[in-house]
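Thank you all for coming.

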Amino acid sequence: MSYQVLARKWRPRTFHELVGQTHVQRALVNALDQGRLHHAYLFTGTRGVGKTTLARILAKCLNCTAGGEGDEGVTSTPCGQCDSCRAIDEGRFVDLIEVDAASRTKVEDTRELLDNVQYAPTQGRYKVYLIDEVHMLSTSSFNALLKTLEEPPPHVKFLLATTDPHRLPPTVLSRCLQFTLKHLPPERVVEHLTQVLSEEGVAFEKSALWLLGKAAEGSMRDAMSLTDQAIAFGQGVVHHADVAAMLGTLDHRHVLALIEALAEVDVARLLDEVARLAEQGPDFAAVLDDVTTILHRLAVAQMVPDAVDNGHGDRETVLALAGRFTAEDVQLYYQIGIQGRGDMAHAPDLRSALEMTLMRMLAFRPQGVPRPPATPLPLQPERPATDAASDAQVASAPPPETAPPVASPQASPPWGADPVSPAETPSAPPDPKPEPAPEPAPDAAPEPDSDPASEPMVETASAPVEPEPAAADSAPAAPERLDHAGWLDGFAALGLGGLTRSLAANCQLKHDDGATLELRLDPEQAAMQAEIHETRIARALAAQGLERRVTFTSEPLDPTLETPRQRDGRLAQARHARALDTLNRDPHVQQLKETFGATFMDNGVTPTRNTD
């Protein structure tokens, strides 16, 4: 017997063998079981999703005689053994009239077809007209079909199939029950191909099936045809390299390697990966398209991990990569990739355009945005500014007698006072009577050799395991509990950035048991919540000597407490008011007002941190 291709050999013969069209299967099975049969059905969908196969299964259900010869014999589970079922499977059932509308578009063909509608079926229970690509019929053919399609004889059923339902007249659509068959996702295609190849005894690589599933573009028939071609190409084995060569597509692993190089900010590796790609002679514009597609998936993974597309079977890899980028970097890289795609038309060659676009992503990356500690920073060899500032503060801490006066009755925060910038850190002992600090300092008695106003958040000496009296030259140990006042006072020194900082700034500290830090999140900001932000905040706390697991609770905020953002807004307004008052009391400004009738533009006044 001659070889039968996989698409025909594995064509479903019952509803239960149908792959990926559960919504249509359920509707038809229920209609058959309840005896609620319509006289005209329209199946729509792209090529190879099972329109004609579904129509033949329905024809078999209508004419199966295993349950009896009358209407009570209609079933949703045809036996496949009776004469009618075998004749339909073999394509020789007299009462199943299959018409290719693409080759019979004339009105004369339609009239000839309808001349036999009035006659009773010869072999089966119903006479079934299966018209494929029905949208190809001419307007005159549709007009000839309308009356019969609306009120056919009781022994006639019409099954119409089309890939373009928009070209059907509304009068035809209104006379049919329409079922739209879906594209099959790559996951479903790969699952079915795995089953088929296992049954066929063909060795395969799972990654090769993902290439086939992606290339099929939602069509199971195309996937089966490509699998047949891959088996022949690989001499009975389906290998990843063979399938990639057969399809002429870019190896997805090379694109992931480019994303890895971006995550490591490694320009040398980036150019090396492009050179490897050049050996395969790819379309560099398509490579950039694939890069921006993965960047989009990374953005989705950071916001809604469960919504990540698994079209390449690399969902876990994408989720792992998403944790190595900040949200700002992903958005910036995507925007540069989209703009670089348009600039390729003006580049001297596509390879240089791709390389320049990838290097532009790294060259314009915001240098101030914090990155995960595990990610190397070859473009930023110096230590972050926050670390340098902390070291400068430790080196230039003023003696205890120069500590600023206490200006607030608040309790002492667990991390010490707010950090100061390197520019504000004195290099020599200040005047014995310094000016008041711009922001309220915490109410805490300073240690003999330390100043709480200039003490950095990072501990400069490791605390002993057992509580002992602090030595005069040792830094105080971090407390076991953190209160909301401490959360506010130490927030700025965490060094958070971007979306993580925006999220944490809208939180109040709800509870700290020494192991878990629970933050109360404003419900309006709950859409930004993601596990990556909890990880970053926990890292920032650990850098300050507070080992915590961070969790968010979305609930209304306590009106008696401030969030870091609300506190910053209040302090900014206070500084702005003090700046205006200082200017208004300046004698030169008063003279200008009296002489020229000048007025202040309040929104043009920008206070500095030491405005008092």
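What you see is a predicted model, in which local features need pLDDT of at least 70 and side-chain atom pairs count only at pLDDT 80 or more, whereas totals for chains, interfaces and linings use all residues. Residues are numbered from 1 along each chain as its sequence is written, and side-chain values use heavy atoms, with hydrogens and water left out.

The chain holds 23 helices and 10 strands, these being DSSP runs numbered from the N terminus, with helices (H or I) of at least four residues and strands (E) of at least two. Of its 612 residues, 43% count as buried, where buried means under 20% relative accessible area, exposed over 50% and partly exposed in between, with a 1.4 Å probe and protein chains only. Taking contact as heavy atoms within 4.5 Å, residues 24 or more positions apart account for 75% of the contacts in the chain with a separation of 6 or more.

Let me turn to the cores, a nonpolar core being a set of buried Ala, Val, Leu, Ile, Met, Phe, Trp, Tyr and Cys residues joined through side-chain atoms within 4.5 Å. The largest nonpolar core has 36 residues, and among those with the most contacts inside it are Leu 258, Phe 325 and Leu 354. The elements that give two or more residues to this core are helices H12 (252-264), H13 (267-278), H14 (284-303), H15 (315-322), H16 (327-343) and H17 (350-363), and the largest share, 10 residues, comes from H14. If we leave aside neighbours within four places in sequence, Leu 354 is in contact with Val 274, Phe 284, Val 287, Leu 288 and Met 344. There is also a second, separate core of 27 residues, which includes Phe 15, Leu 28, Leu 96 and Leu 130.

Not counting residues up to four places away in sequence, Leu 114 touches Ala 144, Leu 145, Thr 148 and Phe 158. The C-alpha atoms of Leu 114 and Leu 145, which are 31 residues apart along the chain, are separated by 7.8 Å.
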